[in-house]
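The following questions and answers go through a single protein model, element by element. Please look at the sequence and the structure first.

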Amino acid sequence: MTNSIEDLGLADVILVMGSNTTEAHPIIGIEMKKAARRGTRLVVVDPRRIRLVDHAHDWLRIQPGTNVALINAMMRVIIEEGLADEDFIAERTEGFEEMREHVLATDIEWASETTGIPAEEIREVARAYATAERAAIVYCMGVTQHTSGTGQVRAVANLAMLTGQIGRPGTGVNPLRGQNNVQGACDLACLPNCLPGYQSVIDQGTLDRACDYWETDIKLSDTPGLTLVEMMDAACRGELKAMYVMGENPVIADPDQAHVRKALDSLEFLVVQDIFLSETAAYADVVLPAASFLEKEGTFTNTDRRVQRVRKVVDAPGQALSDLEILTRVAEALGQSWDYDGPGDVMTEMGALTPQYGGITFARLENEGSLQWPCPDEDHPGTPILHTDGFTRGKGAFAPIEYVPPTDPTDDALPFVMTTGRNLWNFHTNTMTGRTDGLSDLSPSGYVEVGPEDAERMDIREGDMLEISSRRDTVRAPARISSDIKPGVIFMPFHFADAAANLLTTGEHLDPLSKIPGLKATAVGVKKAR
């Protein structure tokens, strides 16, 4: 996030795209509802009537996968009506003319037909966003989890720069991360092409600095690794022999579940480190029992770059150990001697190797509660808002973004678009919430949401068992008839092993840059089960 969560309360307009905020990020959803009650104009762009729509001024009922068409059309309206921030564009950006020429070729009526949003609604929301003193964009995986996800994010950035809605309180481009420490994991190099702090793995100077700090003569590899989907492909080809999975459940979370299971079966050795015996752990040769967040010390970095302490409340059960203890013991078994006197030492190392974390220490977190990176030294107060005076690269780069249709197209046999997501009662792959009394009673098993028009046409009633088929597999799930769903679209939560939505999704086609699969727009057929 370029801004802080509390900044949402300062916005005059909040544009929410591809985020079921009240269910996937309920605390942030509360802040949005508070803002709406105080007069903030909330604009929700989503194919479903999610709960946040009840608090919104505008609901743009978009066809899944067409965000770029909408954004380009909004930018055409803004440019043609003279609503662009010319001073910001001239002083803070480059590449505007090429992007302008591209956007002005976007036909508003074509965009309306493509997105399913009336042309006048597109115009009205474009004007509201551009003319607001402070407007914020909030997006989530409904924007990124497409084979055109990188382009969609670039389009969002174009819109913010076009209107100067960045670098000030109540503005910004604000992605919501999927879990509580995803931001921190990425910051500290759980990415195949980065060292900590998003420093390129191919930069020899960065590699040398790490080796100097560790006082080692070992030469670190300067070859980028594989993304998760690429790992599964390599395992199926026999090129990847072993895998170490920490706190992740790819059997449920990843696309094309049958392909994932085949990949795990193909490995010569699989280690899973987790707090429960997940569906993925069932494939493991070795399971290392880990401690939960309440059973260990450390830090989490949340979605607005805020680093906070995690403190041990209870002892871990049985043989479970903290991640640091497990990794240290594995390193010792490999002949290494890691001399960490607890997670505070790791934080010190993080600061030495990660420029954004240079001034963040356990002592400061104890005294100040939290710090937002970048915080380069111990005299720095942290950074609640990014890009106030300039961008990391210098000037912000506009980019002409073409609309690319979803790569899993509908046809006569597969006429529905299936989109996936979360609900309030189940978290991610249900490894924890599925074992929690009360939550598991509220939402115990999988289902498929079908709109009333489609249900009537196909004689589907509430609770009927349906077969949902894609180009990969077939899943059975009971029907929920929901007026929240537009015709031609169905929704399945991906939490449940008994109705696994990711049996249907595909990892065959990936975003060319981020390598993310198209999880949010899968062509499927629907029929009543016999």
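Q: Which residue in β20 does glutamate 449 stand opposite?
A: In this predicted model, local features need pLDDT of at least 70 and side-chain atom pairs count only at pLDDT 80 or more, whereas totals for chains, interfaces and linings use all residues. Residues are numbered from 1 along each chain as its sequence is written, and side-chain values use heavy atoms, with hydrogens and water left out. Strands β17 and β20 run antiparallel and are joined by two bridges, where strands are DSSP runs of E with at least two residues, helices are runs of H or I with at least four, both numbered from the N terminus, and two strands pair if DSSP finds at least two bridges between them. Within β20, the residue opposite glutamate 449 is phenylalanine 491.

Q: Which residue of β19 is the bridge partner of glutamate 449?
A: Strand β17 (residues 448-450) and strand β19 (residues 474-481) run parallel and are joined by three bridges. In β19, glutamate 449 has as its bridge partner arginine 480.

Q: Which residue stands opposite alanine 477 of β19?
A: Strand β18 (residues 465-469) pairs with β19 in the antiparallel sense over five bridges, and a hairpin of four residues joins β18 to β19. The residue that stands opposite alanine 477 is leucine 466.

Q: By what angle are neighbouring strands of the closed barrel turned against each other on average?
A: The barrel has six strands, runs β16-β20-β17-β19-β18-β21 and shows mixed pairing.

Q: How far apart are the C-alpha atoms of phenylalanine 496 and threonine 429?
A: Phenylalanine 496 lies in the loop between β20 (489-493) and β21 (522-528), and counts as buried (under 20% relative accessible area, with exposed over 50% and partly exposed in between, using a 1.4 Å probe and protein chains only) because its relative accessible area is 2%. Not counting residues up to four places away in sequence, its contacts (heavy atoms within 4.5 Å) include Asn426, Pro444 and Tyr447. Threonine 429 is 67 residues from phenylalanine 496 along the chain, and their C-alpha atoms are separated by 6.7 Å.

Q: What is the order of the strands in the open sheet of five strands?
A: The edge strands are β3 (58-60) and β6 (173-175), each of which pairs on one side only. Strand β1 (residues 13-17) and strand β2 (residues 41-45) pair in the parallel sense over five bridges, and valine 16 has valine 44 as its bridge partner in β2. With parallel pairing, the order is β3-β2-β1-β5-β6.

Q: At about what angle to β5 does helix α9 run?
A: Helix α3 lies across β1, β2 and β3, running at about 150° to β1, where axes are lines fitted to C-alpha atoms, for helices over the stretch in contact, and angles run from 0 to 180 degrees between N-to-C directions. Helix α9 (residues 149-163) lies across β1, β5 (135-139) and β6, and its angle to β5 is about 175°.

Q: Is threonine 21 buried or exposed?
A: Threonine 21 has its place in helix α1 (residues 21-24), and its side chain makes a polar contact of 2.8 Å with that of serine 19; such a contact is a pair of N or O atoms within 3.5 Å, where within protein one must be able to donate a hydrogen and the other to accept it, and residues adjacent in sequence count only if both atoms are side-chain atoms. Not counting residues up to four places away in sequence, threonine 21 touches residues including Val16, Met32 and Leu176. Because its relative accessibility is 0%, threonine 21 counts as buried.
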